[in-house]
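Come along as I look things up, one entry at a time.

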Amino acid sequence: MAIITDDPKLAGWQLKRLAKALQAQALRAEALDTYYRNEAAIPTMSIGAVREAYKRLMAMSKLNFAELIVEAPRERMNPVGFRTGSDGDNSTDQDAWRIWQANHLDADSALVHRAQLSMADSYVIVGGIDPETGAPVITPEDPRQVITQQDPRRRRKSIAALKLFRDEELGYDRAFLYLPGYVIQAARKADTANEEVGFDIDKDGWEWVGEPQPLPHQTVPVVRFANRADMFGRSTGEFERHTSMLDRINYQILARLEIATLQAFKQRAVKGVPDRDENGVEIDYDNIFKSGPDALWIMPAAAEMWESGEVNLDGIRLGTKDDVQNLAAVTRTPLFYLNPDMSNGSAEGASLAREGLVFKTEDLIASTGESWEQVMSLAILFAGGTPPPDMQVLWAPAERFSLAERYDAASKASGAGVPWREVMSSVLQFSPQEIDRMEAERASDLFLNPPPTPANV
């Protein structure tokens, strides 16, 4: 069925507009991902005959700081449970955790966070009930394949979404357009000569496939995870604003390797010798200056030998170190993550260095938690339940303390009258599932070993 793209009232217009926006987003996400995968090219000139050798030097010059900048906060973003309301009824909490576990999100949530931090956006799609698990399907999605349109009044609510990808097995480019209450599919025969999917709906041969499929509710079940979104909804990758600094660091490493390579083979020259002999024949000095234990060189008295000297690399090395320190500062990444030599400082200094990372991670958790709350509310809706209005994602603390520090604080908190479960979660940092298990074990211990009855006085 042909797709009509010039009428704003029809789905084809939305498909065309979102596909164009997705193409721009995919190009940007791919550029950022090359930095994360340490495949970004070092800005330099081609040097002709030694190009292949120079490429090997370039490959050795890449230091993957982008990955460290992303992984430093990502490692501290660990959802551990859900809380809904304060009336003590945790049945919805357990349902949400069962759905979470059924979709392996205790591990795969890291995929969402990693894409969000490195490529500025990631997405999650909620689908119908999986007959194998009995839970709604929740899938992490790449920003090179998925895009949403957000409600201008409620910027976290999606009012349209598109997933566009290449089905390599069947040889088709496929598109799923999500609109409130239904999803409609389009496809085209893949252009095998072009690795990129066709983003131009008008020119690339797209057609609708089948009828629109209704969704259980009037929602768009696609949630955006935007990293550091501003007032206009524009997201930013963790290292996106500092790619020029990453390029400069790698370029200085390349320059150091270039100089070291040239110095490994010192240049030698002879001055004051003739080009031709007394008969006018060109002299072959390569044959004369052969190396060997029995070699004897005969040169004119005016001949002078010259050999290139060494270049001091300390300036380049110290400049690179300064750039790494600046990179750590502007990305709020502790310097000992980027430079292991800085890990030998005092405990107080290390704690201060972590503060920026902890505050940054807490900001990320607050924003990301809102998106996960949307995901789980949609999942409960697809499971036939009623999403609670006050769902909250519980996270492992961004700042980790030693066992001695935690148990000392727990003793003081208990003495101050803090409830047992609150001490277990906030101070000792146990997950809700661990606390439930410990509570059951406490009840069992009290039943088997009741406290002694006080003697009558």
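**Entry 1: a pair to begin with.** I looked up D230 and found it partly exposed, at a relative accessible area of 28%. For this I took buried as under 20% relative accessible area, exposed as over 50% and partly exposed as in between, with a 1.4 Å probe and protein chains only. R234 is exposed, with 52%. The side chains of D230 and R234 meet in a salt bridge of 2.9 Å, N to O. The term stands for a side-chain nitrogen of Lys or Arg within 4 Å of a carboxyl oxygen of Asp or Glu.

**Entry 2: ground rules.** I noted that this is a predicted model, where local features need pLDDT of at least 70 and side-chain atom pairs count only at pLDDT 80 or more, while totals for chains, interfaces and linings use all residues. Residues are numbered from 1 along each chain as its sequence is written, and side-chain values use heavy atoms, with hydrogens and water left out.

**Entry 3: other salt bridges.** How many salt bridges does a search of the whole structure find? I got 24. One of them joins the side chains of E141 and K163 at 2.9 Å, N to O. E141 sits in strand β3 (residues 135-141) and K163 in strand β5 (residues 158-167), so the pair ties together parts that are 22 residues apart in sequence. Strands here are DSSP runs of E with at least two residues, helices are runs of H or I with at least four, and both are numbered from the N terminus. E141 is buried at 11%, and K163 is buried at 17%.

I then turned to K271 and E304, whose side chains meet at 3.7 Å, N to O. K271 lies in strand β10 and E304 in strand β11, so this pair ties together parts 33 residues apart in sequence. K271 counts as partly exposed at 43% relative accessibility, and E304 counts as partly exposed at 43%. I also found a network of salt bridges linking E30, D33, R37, E39, D142 and R144.

**Entry 4: a helix.** I followed helix α6 (residues 243-264), which has 22 residues and reaches 31 Å from its first C-alpha to its last, close to the 32 Å expected at 1.5 Å a residue. The expected span is 1.5 Å times one less than the number of residues. Which residues of α6 are buried? Among them are T243, M245, L246, I249 and I253.

**Entry 5: a last distance.** S367 has its place in helix α10 (residues 347-382) and counts as partly exposed at 24%. S367 and P389 are 22 residues apart in sequence and 17 Å apart in space, C-alpha to C-alpha.
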